[in-house]
Amino acid sequence: MTDKKLHIALLFGGNSSEHDVSKRSAHNIFDGMDRDKYDVSLFMFTKDGILLDHQSSQRIFDGEPEDQVVKEAYAKMDLNSPLAPIAALNEVPEIDFFYPVIHGNLGEDGTVQGLFRLLKKPYVGSGIAASAMAFDKELTKRILNQAGIRNTKYILVTPDNQASYGWDQVKAELGDLVFVKPAKQGSSVGIHKVRNAEEYQAALTDALTYDYKVLIEEAVPNPREIEISILGNDQPIASKLGGLRIPEGDDFYDYNNKFVDASGVVFDLPVIVAEPLQKEITQMALDAYQALEMKGMCRMDFLVDENDVPYLSEPNTLPGFTNISLYPQMWNVSGISYSELIDRLIELGIEEFNHQNQLRYDFQSLGEEHVGRKIYN
């Protein structure tokens, strides 16, 4: 870190189902930033994917009705400009660092990471490829399987092959209790626990409205949900484990449990498990982090069966920072405070940016074009 204050652009919102979750996370990160180290400008992506200027974003951040502020901002913008989605970035002084707090679409799928790369600026989190791969649950499973990291069996269903995967076929391959999940969605949106043909068809229809790739996953019987936070670049470290228990009668840890009403959820921080299980989950998480080529941070979610066998459920490259979110809480019980965690994430982003800038790109002039003789038969 330099002695000069860094000008941080804090990006939040987005055109995903996690728009409001992102706003909550951004508030906590904003409050946790050391003002002796950082000047912070706010930029909110609207639900249409348009970046608002700092003034409009600040108004929404401070609690003004979002729809009204967006309407007023749009009236002043040339929305027909091809650069309209990001034009607001041109209205502030030089930005030193980007801190995306955009969950789901735009934020975790490699989109804004590509923008930061074009702007030649450091940022928090994984790069383009790692973000895109981890956001796609099916690509994640391919990489986990190649790396030998245990996860649940699955079937990939698309509009083209769904006629081949009726309930009877699914039950024969995966059992009579499965989960239906859009491949590229977060926060349990579009996920259904399925027990019969009627539920299966309804779940598949709903999931296909969120993505054209849908995973049908085998269910882990009576699972315990355990999470772990990872921090670092080439030499990542792992937090203590966190456990959660959902209210009796709930099918799984859904959007409501995560972000709306967690009053019935019990969080064990840290969760106490047998040492062999703790070591196995930690190593699986670190192995997955490196196999997926992640940088900065990730929360890894695990399901543990009745025999203490862990299955990696999914990674989250930009995990939530709401008051309910476990990523910062697991670091807190591991000895890293909220403010220190933010500092480390910024330092890791700058470290990775400098590391990538050491790569060479040679450009050789082609000169006059010489084409070989073509023979047409």
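## Nonpolar cores

A nonpolar core is a set of buried Ala, Val, Leu, Ile, Met, Phe, Trp, Tyr and Cys residues joined through side-chain atoms within 4.5 Å, where buried means under 20% relative accessible area (1.4 Å probe, protein chains only). This is a predicted model, in which local features need pLDDT of at least 70 and side-chain atom pairs count only at pLDDT 80 or more, while totals for chains, interfaces and linings use all residues. Residues are numbered from 1 along each chain as its sequence is written, and side-chain values use heavy atoms, without hydrogens and water.

The largest nonpolar core has 36 residues, of which Leu 10, Met 33 and Tyr 99 touch the most other members. The largest share, five residues, comes from α12. A second, separate core of 24 residues includes Ile 226, Ala 285, Val 304 and Leu 312.

## Surroundings of Leu 10

Beyond its neighbours within four places in sequence, Leu 10 is in contact (heavy atoms within 4.5 Å) with residues including Ala 26, Phe 30, Met 33, Val 40, Phe 43, Tyr 99 and Val 101.

## Lining of the second largest pocket

Helices α4 (111–119), α5 (128–135) and α12 (338–356) each supply at least two residues of the lining of the second largest pocket. The greatest contribution to this lining is that of α12, with five residues.

How values were computed: Helices (H or I, at least four residues) and strands (E, at least two) are DSSP runs, numbered from the N terminus. Buried means under 20% relative accessible area, exposed over 50%, partly exposed in between (1.4 Å probe, protein chains only).
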